[in-house]
Structures are given as structure tokens and as C-alpha cells.
Amino acid sequence: MEIETALTLADTVIFTRTGKHLNDLQTTILKQVWQGKKYLEIADFYGCTEGHVKDIAYLFWKLLSEAFGEKVTKTNFRSVFKRYLESEKPTFFVANLASNTSNFVGREKAIAHLDTLVERGNKIIIIQGEGGIGKTTLAQQYLQSKGYESILEVLMAKESQNIISVESVVEEWLKRDFNEEPGREFGVSLGRLKRYLESHTIGILIDNLEPALDRFGKFVTFHRRYVELLRVLADVKVKSVTLITSRDRLCESDLALSHYRLLGLDEKAWKTFFDFHHINSYLPTLKSIHKIYGGNAKAMEIICGVIQEDFEGDINAYWQENEGNPLGETDLKNLVSSQFDRLQTLDRDAYRLLYRLGCYRYQDISTISTQGLLSLLWDVEEDKQRTIIESLKNRSLIEYSNGKYYLHPVIRAEAIHRLKTSEEWELANSKAAEFWTNSVKKIINLEEALTALEAYYHYIGIDDCDRAAQVILKSRDNQWGQFLPLGSTLYRMGLLQPVLATITHIIHKVNSPHHLSELYNILGDLYWITGKIDPAIASQEKTINLATQCLLQLKLTPENKHTFYYLKMLEIDSRLSIGLYKIDLWELQEAANLFEDVIKQTANTLHYRWGQKASVCLALVYSYLGLKQEALTHADRIYKMIVNDGLLEHPGRFAYFMQIIGQTYFNLGEIEKSEQMYRRAIAFSDESHYLQIKGKSLIGLAEIERKREAFEFAIARHCEAIELLKTIGAKCDLAEAYFQLGLTYQKLRELQKTQINFEKAIQLFTEIKAPKQVEKVRMAKQEFS
């Protein structure tokens, strides 16, 4: 082997590993050592000190050793190079090198951020993040890529009692790495270190610092002198850069340092890694795995190894077996568990808070406010609570973003496990539920509604269905000026399926007849909107029966007059609701009878508002039945109250019925009043996100445009209504929307589009089990034929 071959090989190694070719001094060292020269002779030849040659040579041999997977020195490098060149697999070197660097993916932004911090003069940077996130790998790769004369590494022991003393660290650096004699006094040694660092570019890595820190992020008593070392490393005159990795935040106020929070790898980086290791990285599966592990680099490595070892490189086979258990791999589980164990020893209050945080779902409401954390510290003195939260935050055991907190999915899985095996599962969930309930006083938007609903899931988690029911039934003021149960507010916002699921899950496990009557009342409306009218009617009939039974057992007193009023209201409201359902079935006479009954029951009572609503509904039915004068009498009376008498002081209480008046006036030929009511209803729905009202009102406006022969505008309204009603799953209203669109195309004499929309309406009305509605559509088809 010739020297030029050795130089080419060494250059390839260094370039592949660092992205830089051999510099002049590295080339000189290799040539001169090849000739048997000593470092002092090389220094004289190159024109520098012997120490500088030793520093560069040390780094040079170290890089070669890492690349070839065996120790390379000035005495054995020839034999190492020769074995490689004579190998049957001459690509061994490249493959080995790649295996060392392939784990380092997706950190371009992190490197750029570290570059920025260094360029701004930061001498010490703390790379902080959870266990397994890739802090050490980033620090090592960063330092190796920057061409430092030498790189020093200190790995802290995982147990504080085994941490090497700072005196020993400095002594070893001076003697072994810098060929300097340490002083007998620590201060003298620090002085010599500082002078050396002022004239040499050195990269320093202090890895895994947290065992040396106490619960407040300060060095423990036995290792306080590390502060003196860091003070030297932070001096503006030194040419060194020190990277420190830690799960915990370093909180020594008199040290000049910067923190950089390292996040998980993105999905693209995971794919690159899996592709390199020949894993069939099927994107949907990879996306799911990446999400649940939060991009954790250690998780990526372990999972890749398991897939290769146990699943023949098949990521889908692995995920089918492990999808339900994100802590299925022993190594990762030990990694997470060790963080919990350490905290349990170091700070039991923080440890208890961490596993209690496993009770939160982090789903619909993905982050928790500080108050949510404080609610789980029921057994800690108030003046210590925020310190405990800060402790977890500094240790990277809780994630923090925009003033709120959440758990990494893997951390949460371990937290849940520990919480369930403790005696606090029920209490923690109860406290969390109370926090959610108390945090929402008034519901103005969807997020507040979902926040209030979170309490339900905590009670379900501890199998307390009665208290879960109370969450759904707790009334609050909402954005429409209504004082409604949470369940009613949620479905008015368009969240039909979630509310339906929550109620049906508990309805047969609730013991209180009062609560059951309320739940069935809400359930009836949910079934109605989703096109299940028979179950809707059955639910309202159950409400009537339950409320009636409760009233019979209740003697009216000043103390229970509100309960008496509420139960009577439920009975009346259920009758009104059944009347509305009958309209959708096109059973108009039965609907009229129910509305007339409600009007009679509420006359001159505290429930008179339900009588007003029933009058609106009765006017609509009369308009369908051809009873024009009777319909006009009821409609005009309510219209006057809306326009002149302040009935809409709280429009949310009457908004649904506003669009019914609009439909009534359309049927009666009062187009201006009809449009006025529809537009008022839409304006309200836009402000309040009451989607059903908007959908029904858009159907009405489309009818008006059709009557005016503004067909293009009519079709646009129809289509908007259809898309909106599809979104919320309002099957009854959607069937009517298709029917009305069919009528518009009928006016345009577009046969095919007319038939298509009529058939869609017939299909939906058939599913709803509304035969009279089906007949109505078929009659319209025959007229067109």
C-alpha cells in the first residue's frame, strides 16, 4: 500500500464522517507518521507546537477509530488500512460509517439553531429534552462537524453517588488531553485550564447532567464545585464551546448559559431512518407510530430494531401486534420507567403529580392549564405547588407550550400504569373532573363546550355514570342567551355524534329518574336530527313518563319549586318535540293536536314561552293544511312580538322557531316577512355556530330565490345547505334539502337532475321511516312526468 492510497482512504473517511476533507495539518501528520516521524519532528516541520500536533492527531485517530470500528493509532493505522483494502467486502468501511451516522437524521434546524447561539457568543448551551429524544447524538455530531482541535467528553453517572468529581475531570483534561500539569489546588488547575482554552478551539460535551442536580435544578452539595468549572467554560475569552445535555433545566443563576429545548424528530426524518434500514415504511402506519411516540429518537431506534429482528422488516406486522401498547418494547419501557423511578427517589411530590397527570386525556383538549395541574396537588401545601410544576417542567417530563402543559404519549402511558396501580386512580379522576367543570362558567365557543365535557370522561374512567350524567346535564348560560344543559348546547353547536355517544353509553346505568328524564329529552332531539324518528319519539315519551312519575311523588314546596318547575318543563318540552317530529313525518294533524295541547297547558303559567313556540309550530302546520287565516293569526301574533315587543331580547331562546316563522310566511305568500325571518335566523346562526338553523334557513332562502326565478342563486343556496347538513348529519333536514333542490331543477325542466335529487330525498325519507314524506316526493315526480 502506497502513501497516496492511505491518504485517499483517510480523506474519504474524514469527508464521509464530517463533510470536510483532510486539512493541511492532518495530511502532514499522516505523511510524516508514515515515514516514522515523531510528533515533535512533525511540529518542527509544520511550524507549530508539539501540543497542537498532538491535539489534532488525537482527534484524527479518534475519527478513524470510529469509522473502522476498531482502535486506530499512529502505530497500527497501516495494518488497519491494509485489512480494509484486502477485505472481500471493500464497502465494509462505508457501511460501518453509515451505521454510525444513520441514526443522526432530521436535525438540520437544531444544528442551525446551535450555530446561531454560538455565533451570538454563547459559550455554554444546555440541550434539554426528554429521555431518548437524541440530545447526546446531536451534541456529538455537532461538535464533530465543527473542526475543533480536540473534543472532550464527560459522561455523568446515572446515580449521583457515582458521579466523578469535578477535580478529577479537570485534572484528566489537563494531563491526558492537553499535556499540562494540573495544580495541587483546584483553583490553580482551573486557571491553567482557562489559559489553555483561551488559545485553543476545543469542543466540550458534558452528557447526562441531571443526576448532579437537585430538585431545584442546582448542583447537589457534593458536586457544587462544578459551578466553578462552568464559570470558566462560560468566560467570554475562551475559544471553547461547551454543550451540556440534560433532562432537567440547569438553574444556577450566576452562570452565563443558554438553554435549547430539543423536540422529537419529524415524520420525514423517521421515514429516512426506516428507509435506510430497509424497513418498508408504509406511510399511514409510520405516521401512526411516529405520532404516538412523539418523534422520539430512541423509540425510533428500538422500534426499527424490533421490526428488523422479529418482524422481518414488516412495519405493518409490527404495528398490528403493538398498536394498542405503546410501551410494548422492553428497552423503551425501561427507559421511561427509569425516569419515573429517579423522580420518585428525588422528589416524591413531583413524582405523584407526574403519574396523576396520566388521568387527563390530552385529546379534544390537548393541553392542560396550570390550574389543571394544581388541582392534582390536593395534598401539597399551596406555597409549594408551583415549585413542583416547575420541577417537572425543568426535567422535561412534562411538555410546555403557550402557557399550557401536556404529557408525551410514552410518558403518559407509564403515568397511567402507575396511577392505576396506586390507590389514587379514582381520586385523581374526580379532582380532574371537578377542575374541568369549575373552569367553564359560561359556554361561548366550541372549545369551552368541549372543555366542560372533559369531566364526563373522567367519571366514565372510574365507572361513575351518575356523575357522568350530571356533567351532560349541568346547565350554563351559552352564547345564545340560553341556560341549557351541556348536552343540548353541544348538539346545537353541531356535535351530534359525540353527544349521542356519551348519552347512549350511560343511559342504562344511571339510577336517578330525574337525570334519566333529562337525558331522554336530549336523546330524543339527537335521534330526531339524525333521522331516527321512532327512537326519538320513544325517548320523549320516556321523558314524559319519568317526569310525570317524579311530579306525582313530589309535593310542591318553596324548597323544591325549581325542581317542580323543571320537571313540568321537561314534560311540556317533550310534547312540543314530538310535535316537531310529526311534522318531519308529514303527520300534520297529529302534530297540530300536540301543539294545541301544549298551548293549553302553558296558558297563564310560568311555562308560557313553550306556548309561544307551540303557536309558531301550529302556524306552520296550519299553512301546510291550507288553513291560511288560522296560520296567519298565529304567525302575525308572534311576528309582532319579535319585531315590536322584544321577544328577541335573547334571540337564542327563539332562534330555531324564527326560521319556522320564515317557512310559514313563505307558505302564506308573505315573501318579504319570510326572507326577513330567514336572514335574522342565519345572522344568529353565524354568530353562534348553530348549524342546523343555518341549514334550514338556507333551504328557505333557496325556495324564495326559486319563486323569484333567480335559479342560479337558488341552486347555490340549496347546495350550501346540503353540504352543511351533511356535515352535521341532520338527516331529516337533508332529505328536505334534496327535495327542494329537485323542485328547483324541475322548474328549470332539467329532468335528470330533478330525478337524481328526488331519489336522494326518497332514499333518506325511507330510511327515516317517513312514508307520507316519500309519498309527497313521489307526487311531485308524477306532476313533472
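Of the 785 residues in the chain, 55% are buried, where buried means under 20% relative accessible area, exposed over 50% and partly exposed in between, with a 1.4 Å probe and protein chains only. The model is predicted, and local features need pLDDT of at least 70, side-chain atom pairs count only at pLDDT 80 or more, and totals for chains, interfaces and linings use all residues. Residues are numbered from 1 along each chain as its sequence is written, and side-chain values use heavy atoms, with hydrogens and water left out.

The secondary structure comprises 38 helices and 10 strands; helices (H or I, at least four residues) and strands (E, at least two) are DSSP runs, numbered from the N terminus. The radius of gyration of the chain is 37 Å, whereas a compact globule of 785 residues would have a value near 28 Å. This radius is taken over C-alpha atoms, and the globule rule is 2.2 Å times the number of residues to the power 0.38. The C-alpha trace spans about 115 × 65 × 50 Å along its principal axes. Among contacts between residues at least 6 apart in sequence, 67% join residues at least 24 apart, a contact being heavy atoms within 4.5 Å.

Strand E3 (residues 202-207) has 6 of its 6 residues buried, so the strand is largely enclosed by the rest of the structure. In a regular strand the side chains alternate between the two faces of the sheet. In E3, Ile202, Ile204 and Ile206 point one way, while Gly203, Leu205 and Asp207 point the other way, and all are buried. Strand E2 (residues 150-155) runs parallel to E3 and is joined to it by 6 bridges; two strands pair if DSSP finds at least two bridges between them. Within this pairing, Ile151 stands opposite Gly203. E3 is also joined by 4 bridges to strand E4 (residues 241-246), again in parallel, and the bridge partner of Leu205 in E4 is Leu243. From E3 the chain crosses through helix H11 (residues 226-233) to E4 in a right-handed β-α-β crossover. Right-handed here means that, with the strands pointing away from the viewer, the path from the first strand over the helix to the second runs clockwise.

An open sheet of 3 strands has the order E8-E9-E10 and mixed pairing. Its edge strands, E8 (442-443) and E10 (483-485), each pair on one side only. E8 and strand E9 (residues 475-478) run parallel and are joined by 2 bridges, with Asp477 in E9 as the bridge partner of Lys442.

Asn521 lies in helix H26 (residues 513-529) and counts as buried because its relative accessibility is 9%. Apart from neighbours within four places in sequence, Asn521 is in contact with Gln540, Thr543, Leu570, Asp573 and Ser574.

The buried residues of H29 are Leu588, Ala591, Ala592, Leu594, Phe595, Val598 and Thr602. Seen down the helix axis, the buried residues of H29 fall within an arc of 165°, so they line one face of the helix, the arc being that of the directions from the helix axis to the C-beta atoms. These buried residues pack against helix H28 (561-584) and helix H30 (608-625). H29 is followed by Asn604, whose phi is positive, near 60°.
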